[in-house]
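Student: Hi! Could you walk me through this model, strand by strand?
Tutor: Happy to, let's look at it together.

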Amino acid sequence: LWFPYGKYLISTTLTINNGVKLFGEGEIGDQAASTMSVGGGSMMQWNTSSAGDMITIKSATSNRYLYGAGVWNIVLHGSNAATAGIRASSIQACDFKVSAFGFTEAGIVIDDGNGVLSLFNNFRLRYAYGTVPAAENSHGLKFDGDVSDVGVTQNTIYWLAGLVKNGWMLWLRA
């Protein structure tokens, strides 16, 4: 799915299925994180004060992988209220290249919540914490392999950059 230049307001979680990738027109430009504006690309912004994940990627069938999904060249803006920009469970061969701002848990959360490993995925992430205390403890990229005790392993992080306050750029529990 192609998202041309602009801001897209999201007030409910988007669910991505097998093989579906979201593509945008580029990430955020060089500017102060506090402005959190598009700066020349495609942005999805959480448009409600309720907590929730912006995007979920998970097979509808328990103990099955979801393959080949991803989000590429899109800025994810959590408005200091959304829990995670992307929450993916038991995924394989997925690609992510995003900038994320203002989430209360993490920009991207990868877990084993569908009963099988999350593995062989690719990550490129720029992350900045939010501008309110609720978002200051958040993480950039979070691998949580303890959800179903199956694990998260064998993923490739091409780059991970950003700014966190009281959180971690990379949080691992594989």
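Tutor: A definition to start: two strands pair if DSSP finds at least two bridges between them, and strands are DSSP runs of E with at least two residues, numbered from the N terminus. This is a predicted model, where local features need pLDDT of at least 70 and side-chain atom pairs count only at pLDDT 80 or more, while totals for chains, interfaces and linings use all residues. Residues are numbered from 1 along each chain as its sequence is written, and side-chain values use heavy atoms, with hydrogens and water left out.

Student: OK, how many bridges pair S13 with strand S15?
Tutor: Seven, and S13 and S15 (residues 156-163) run in the parallel sense. In that pairing, Tyr-127 has Gly-162 of S15 as its bridge partner.

Student: And what joins S11 to S13?
Tutor: Seven bridges again, with the two strands parallel. Asp-95 is partnered with Asn-122 of S13 there.

Student: What does the side chain of Asn-122 contact?
Tutor: The side chain of Asp-95, through a polar contact at 2.6 Å. A polar contact is a pair of N or O atoms within 3.5 Å; within protein, one must be able to donate a hydrogen and the other to accept it, and residues adjacent in sequence count only if both atoms are side-chain atoms.

Student: Is Asn-122 buried or exposed?
Tutor: Buried, because its relative accessible area is 17%, and buried means under 20%, exposed over 50%, partly exposed in between (1.4 Å probe, protein chains only). In S13 (residues 122-128), six of the seven residues are buried.

Student: What about Val-98, buried or exposed?
Tutor: Val-98 is buried, at 0% relative accessible area. Val-98 belongs to S11 (residues 95-101).

Student: Switching topic: which strands form the open sheet?
Tutor: Six of them, in the order S3-S6-S9-S12-S14-S16, with parallel pairing. Strand S3 (14-16) and strand S16 (170-173) are the edge strands, each pairing on one side only.

Student: How many bridges are there between S12 and S14?
Tutor: Five, linking S12 (residues 106-111) and S14 (residues 139-144) in the parallel sense. Val-109 has Lys-142 of S14 as its bridge partner.

Student: Last one: where is Leu-170, and how accessible is Leu-170?
Tutor: Leu-170 lies in strand S16. Leu-170 counts as partly exposed because its relative accessibility is 33%.

How values were computed
Helices (H or I, at least four residues) and strands (E, at least two) are DSSP runs, numbered from the N terminus.
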